[in-house]
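Thanks for coming. I will go through one chain today, from the overall counts down to single residues. Please bring it up on your screens.

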Amino acid sequence: MEKITDKIAALPQGSSYFSLEFFPPKTAMGSSNLRARLDRMSRALRPLFVTVTWGAGGSTATKSLELAELCQRELGLTTCLHLTCTNMSKSLVDKALDDAKALGIRNILAGVDEKLRGDGGKGEDEEFEWAVDLVRYIRRQYGDYFCIGVAAYPEGHADESDPDGQSLEHDLPYLVEKTRAGADFIMTQLFFDVEAYDGFEKKLRGHESGVFKTIPIIPGMMPIQSYQMIKRTTKLSHARLPPDIVSRLDAVKGDDEMVKKVGVDVLSEIVTHIKTEPSPCPRGFHFYTLNLEKAVSFILERTDLIPKSPQDYESAILDPPTSLSLNGSSMNGSHSLINSQKKPPGRRQSSVGSDPHNRVIITALQTTRPDFEATASEAGILSEPINTRANTLAISEGEGSLGREATWDDFPNGRWGDARSPAYGEIDGYGVSLHMSIPSAIKLWGYPKRISDITSIFLKHINGEIDAIPWSEEGLNEETNTIKTQLLALNQKGWWTVASQPAVNGIRSSDPVFGWGPKNGFCFQKAFVELFIPSSDWSTLHTRLTSPEIAEQISFYASNAAGDFLSSDSKTNGGEGSTNAVTWGAFPGKEIVTPTIIEEVSFRAWAEEAFGIWSEWSRVYGQRSESKSLIEHVKDDVWLVNVIHHGYIEREGLWELLLS
């Protein structure tokens, strides 16, 4: 029942704290795994509070409240609900706030994303156009029951998806207004330009209005989980990547492990710098975790942000390594509690042969299978509790077999990752979005009035004439360009492609187009394509894909807006859901790595989102416009189909099948 500002005020002057953001996973398996991860992180890291995201229009309302209840009631974490009022009616906002109050949540981060608004103006039951409207409403209805936070942009807010139009000076009057309306703290968007942040905070503290003089300003930090992810994230958020950071990432961009290591270095440097700057209140940091734990655990420990307690003197039930490692890469410079903490005199360290497994006691002086055997002398040493904080932190950092098991999903690939991962799906957890403003959407896609107009949009994207389509914010990469001719042919048929990859058979990991991962490895790929196809064409294609001569060569998944689902599993796998590894690599000293998979659970989750994007696109246009009617009609007619060709040694196999 604590307010964030009360907890900050209770901290000693000159101290530091941190908070963590989580979003509701897209699948039931992801939610179950996040529960264990949250429990582990809460014990190992001890955040001052956590935030839970809220999808635009209440799209994640139920899941967000379930996650908030888990954090607040079951885990005892002070929880802040990030309530986005975009496309939210007054009645939905009232319900969200009443539910939050019933759960004992006393903290709200009030936000609005102008990019997601519809055709302008408010609906009948809508009261919120800007975040300040929500702040005023909460204060009017609930008085000071809620502690309210508001968002800020250290580099300015790019309202029109135009980085050149960003201006902190333009934003300041609105931030003053939000603060005066009743905001208790400010939380910033992610950034990597520390000089820009220094200037931002200095300008706020010295602002003539005086409203920012002592208010907590919490910088937002996003750990770098992968090269492609951070490039996409900074593009969407218009957060500048300084040239020195870009060069450090570019030097290792083909190796996910090294990218994450460099990312830990970069974030640790930023946090350390900001910690040394003077502040009128304790210094806080907010981490956008993306539901992952390893990188943020390293950063928090390296920057000494984890609060200490007497239990910290307990040691982990692990053989202490000489240095921490991140998937095998040395993390020089970090100071693990496992390695560096001194235990009180007389405290005995746990036996290697004791928990977490039962072991057979043998008479020999040495064991040949230490995981399952213990000598008499080892068995005689009392075991310490496995759930010590030091052990839990070691697990969060991926140490030992338990750590590897806990952080198995450490390299996300967005919607192509494992649906069991809490991090599966979109990178931000804020629900379906076009990721751009309405004027930008119209500038890119115009006012489609016929099916051929939509086909033209897809063709222009493949040809590089426009930068984005509603399902992709980027143009074709070098790899996809190798199948550009085939994609053009499919789209000319009115089969609109949204994802694809070519077949690859044993290309070296150093290859500039297809390579990835550590040196001296080999990469493999099955060709696949995902497309929207008219229902009449799907009926014909479905018959072909299920024919005896084709069925064993491919796997497919298909769904429509109504939720109807078909797949090849009903014919080839006894009706059980299959898992298709479509990208894998073999590297020295490692097990086979499979960063990209396609399976029923993940496809179903994505299909729901993909059809939601049709709806978001239709919102760009007026209620009675031809464009809106066309898009809604197309959404109701098409099927989303993913076809995987298993013959990865046949470069043209998939394309000949679909185009013949």
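Of the 660 residues in the chain, 57% are buried, where buried means under 20% relative accessible area, exposed over 50% and partly exposed in between, with a 1.4 Å probe and protein chains only. This is a predicted model, in which local features need pLDDT of at least 70 and side-chain atom pairs count only at pLDDT 80 or more, while totals for chains, interfaces and linings use all residues. Residues are numbered from 1 along each chain as its sequence is written, and side-chain values use heavy atoms, with hydrogens and water left out.

The chain has 25 helices and 21 strands. These are DSSP runs numbered from the N terminus, with helices being H or I of at least four residues and strands being E of at least two. Contact means heavy atoms within 4.5 Å. Among contacts between residues at least 6 apart in sequence, 74% join residues at least 24 apart.

Now the sheets. Eight strands close into a barrel in the order 1-2-3-4-5-6-7-8, with parallel pairing; two strands pair if DSSP finds at least two bridges between them. Neighbouring strands of this sheet are turned by 25° against each other on average, direction ignored. Strand 1, residues 16-22, runs parallel to strand 2, residues 49-52, and four bridges join them. Ser 19 has Phe 49 in strand 2 as its bridge partner.

Why is strand 7 described as largely enclosed by the rest of the structure? Because five of its five residues are buried. Ile 217, Pro 219 and Met 221 point one way from the strand, and Ile 218 and Gly 220 the other way.

Gln 225 is buried, with a relative accessible area of 2%. Gln 225 and Leu 290 are 65 residues apart in sequence and 8.8 Å apart in space, C-alpha to C-alpha.

The other sheet I want to show is an open one of four strands, ordered 14-15-19-20, with antiparallel pairing. Its edge strands are strand 14 (504-508) and strand 20 (593-599), each pairing on one side only. Strand 19, residues 579-586, is joined to strand 20 by five bridges and runs antiparallel to it. Asn 580 stands opposite Ile 598 in strand 20.

Next, the cores. A nonpolar core is a set of buried Ala, Val, Leu, Ile, Met, Phe, Trp, Tyr and Cys residues joined through side-chain atoms within 4.5 Å. The largest has 99 residues, and those touching the most other members are Leu 20, Leu 83, Phe 146, Ile 186, Phe 192, Met 221 and Phe 287. Helix 10, residues 256-276, gives the most to this core, with eight residues. A second, separate core of 37 residues includes Ala 441, Trp 496, Phe 611 and Ile 644.

Last, a helix pair. Helix 5, residues 131-142, packs against helix 6, residues 168-182, at an angle of about 5°, with the axes 9 Å apart. Axes are lines fitted to C-alpha atoms, for helices over the stretch in contact, and angles run from 0 to 180 degrees between N-to-C directions. The two helices are therefore roughly parallel, a term for angles under 35 degrees, with over 145 roughly antiparallel, 65 to 115 roughly perpendicular and the rest oblique.
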